[in-house]
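Visitor: Could you walk me through how some parts of this protein pack together? I am new to this, so please take it step by step.

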Amino acid sequence: MAAEANGFRLHRPGVGDGRPVRAESAEPEILDDDAVLDLSTDIAGGDVEDTLRRLDAELVGLANVKRRVREIAALLLIDRARQRFGLSSSRPTMHMSFTGGPGTGKTTVALRMAEMLHALGYIRKPKVHTVTRDDLVGQFIGHTAPKTKEALAKAAGGVLFIDEAYYLFRPENERDYGQEVIEILLQEMESERASLVVIFAGYPDRMERFFSANPGLSSRVAHHLEFTDYTHAELMGIAELMVAGENFRFDEPAHSAFAEYLALRMTRPRFSNARSVRNALDRCRLRQAKRLVELHTPLTKTDLITLTDRDVYGSSVFSDSSVFTDSSETREGPSARAPA
Ligand SMILES: Nc1ncnc2c1ncn2[C@@H]1O[C@H](COP(=O)(O)OP(=O)(O)O)[C@@H](O)[C@H]1O
Ligand SMILES: [Mg+2]
């Protein structure tokens, strides 16, 4: 890990073919005070640029999240450069909170963050271990600590992503085992050796209450990333990315129909941003399949690719909104993947 932590390419005149070589030694030589360090020679820089480029290209919107990710990358790149000059400082704290509604990209960005932190040598593996209260809290006395430690062991060297973290804290129940989890987490988050990044995720308002009730945790969280609900235009952009990503396309009428669909769906219960878009597209795909099968004619590639407005308008969101009874459109779990 030490070698990874400072993988600058060293230029050694007269060695090999003159191309930069990777510094493999665990103790990279300390640069002279008057040396000049080109950040672009940091091997991690390329991987980080790659992750940032993919973040930009594959995720619509999220401008402030993308900005914060770049800032974190810069902080760690400079930290690596400082180490090359032998400048010691404390390891930057990387525990984070991701706040935002459902389907705003928190889990997706956590995966990218893990890749980036790994490329920069901050963590040992580019993995995210996602847990919720039930994975950490035991049912009986003495069960919580082993459960939490098991989760920490699984996450070790990577990212522990605690979804809906505020469920760990139940002020109305003094004996709640969640408090035990928080104490173990605090210790782990303090430990310099742990090579573990904890990300607390959930709704903004509840998360704020959670942190104000747990100032110890809050003070150890260095980066707060806010995921705002997507606009209609952003959701359309997300839909287009998803459709293209699955080798489908909307024809012109389908495109307008889907814009109409979204405008309606956004006002309905349990709207979950990009996740609702994904679920809606799954259902369009089911309707397309049914429509094509029922044609009983040979099909072209274009037929197979194209989603039409019929595939969109089949949604129950278009039926009378005042007596909205079909809950399949507003149920966003796996069970929602049934034709509406
Ligand atoms: N900005 C975005 N651009 C494209 N797809 C997105 C975006 N945000 C979320 N998604 C997609 O929406 C789905 C839900 O996102 P996810 O990260 O699970 O949200 P959350 O964890 O906030 O509930 C995933 O399939 C993800 O790929
Ligand atoms: Mg999630």
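Visitor: At what angle do the axes of helix α10 and helix α11 cross?
Guide: Keep in mind that this is a predicted model. Helix α10 covers residues 232-245 and helix α11 covers residues 252-265. Their axes come within 10 Å, and the crossing angle is roughly 130 degrees.

Visitor: Are α10 and α11 roughly parallel or oblique to each other?
Guide: Angles over 145 degrees count as roughly antiparallel, and 65 to 115 as roughly perpendicular. The crossing is at roughly 130 degrees. The two helices, α10 and α11, are therefore oblique.

Visitor: Is the crossing of α10 and α11 left-handed or right-handed, and how many residues of the contact are nonpolar?
Guide: The crossing of α10 and α11 is right-handed. On the α10 side the contact is made by His232, Leu235, Met236 and Ala239, and on the α11 side by Phe258, Ala259, Leu262 and Ala263. One residue of this contact is polar and none is charged, while the nonpolar ones number seven.

Visitor: Which residues in α12 does α10 meet?
Guide: The axes of α10 and α12 come within 10 Å and cross at roughly 45 degrees, and that makes α10 oblique to α12. The crossing is right-handed here. From α10, the residues Leu235, Ile238, Ala239, Met242 and Val243 meet α12 at Ala274, Val277, Arg278 and Leu281.

Visitor: How many residues of that contact of α10 with α12 are charged?
Guide: Sorting the residues of this contact gives eight nonpolar and no polar. What is left is the charged group, and its count is one.

Visitor: Are α2 and α4 roughly parallel or roughly antiparallel to each other?
Guide: Helix α2, residues 43-58, packs with α4 at about 165 degrees, and the axes are 9 Å apart. Angles over 145 degrees count as roughly antiparallel. So α2 and α4 are roughly antiparallel.

Visitor: Which residues of α4 make the contact with α2?
Guide: α2 passes α4 in a left-handed crossing. From α2 come Ala44, Asp47, Val48, Thr51 and Leu55. The residues of this contact divide into five nonpolar, one polar and three charged. The α4 side is made by Arg112, Glu115, Met116 and Ala119.

Visitor: Which residues come nearest to ligand 1, and which elements give two or more residues to the shell around it?
Guide: There are 17 residues around ligand 1, and Gly105, Lys106, Thr107, Thr108 and Ala274 come nearest. The elements giving two or more residues to this shell are α4 (106-119), α10 and α12 (273-295).

Visitor: From which domains does the shell around ligand 1 draw at least three residues each?
Guide: By kind, the residues of the shell divide into seven nonpolar, seven polar and three charged. By domain, at least three residues come from each of domain 2 (43-227) and domain 3 (232-320).

Methods. Residues numbered from 1 in each chain as written. Chains lettered and ligands numbered in written order. Predicted model: local features only at pLDDT ≥ 70, side-chain atom pairs only at ≥ 80, totals over all residues. Axes fitted to C-alpha atoms, helices over the stretch in contact; angles between N-to-C directions. Helix = DSSP H or I, 4+ residues; strand = E, 2+ residues; numbered from the N terminus. Parallel < 35°, antiparallel > 145°, perpendicular 65-115°, else oblique. Left-handed = near helix turned anticlockwise from the far one by under 90°. Contact = placed C-beta atoms within 7 Å. Nonpolar A, V, L, I, M, F, W, Y, C, P; charged D, E, K, R; others polar. Near = placed C-beta within 6 Å. Domains from an automatic or database assignment.
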